[in-house]
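Student: I'd like to go through this chain with you. Can we start with the overall layout?

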Amino acid sequence: MYTPDPTFRKSSYSGRGDNCVEVADLPAGAAVRDSQHPELGHLSFAASEWSAFLHAARTGEL
């Protein structure tokens, strides 16, 4: 799934330091990138994969 120029924001799951993950909403899921190296691109996830990841993060399964 490729989306040119998604709009990224700091993930609410990132800490308060400089090391954080940015996330962008996509029409069919979400994209994630390293905030310190955005030039390296991003990983895209289908909506079902993103939903499963968020559920695991919220319930402490990760």
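Tutor: Read along the sequence, the pattern is β-β-β-β-α. The model is predicted, so local features need pLDDT of at least 70 and side-chain atom pairs pLDDT 80 or more, while totals for chains, interfaces and linings use all residues. Residues are numbered from 1 along each chain as its sequence is written, and side-chain values use heavy atoms, with hydrogens and water left out.

Student: How many helices and strands is that in the chain?

Tutor: The chain has 1 helix and 4 strands. Both are DSSP runs numbered from the N terminus: helices are H or I with at least four residues, strands E with at least two.

Student: How many bridges join E2 to E3?

Tutor: There are 6, joining strand E2 (residues 21–26) to E3 in an antiparallel arrangement. Strands pair if DSSP finds at least two bridges between them. A hairpin of 2 residues links E2 to E3, and Ala 24 has Ala 31 in E3 as its bridge partner.

Student: And what stands opposite Val 32?

Tutor: Leu 43 in E4 does. E3 and E4 also pair in the antiparallel sense, over 4 bridges.

Student: Switching topic: where does Ser 35 lie?

Tutor: Ser 35 is in the loop between strand E3 (29–34) and strand E4 (43–46).

Student: Buried or exposed?

Tutor: Ser 35 counts as buried because its relative accessibility is 19%. Buried means under 20% relative accessible area, exposed over 50%, partly exposed in between, using a 1.4 Å probe and protein chains only.

Student: What lies 3.0 Å from its side chain?

Tutor: The backbone oxygen of Cys 20 lies 3.0 Å from a polar atom of the Ser 35 side chain.

Technical notes
Polar contact = N/O pair within 3.5 Å; in protein donor to acceptor, adjacent residues only side chain to side chain.
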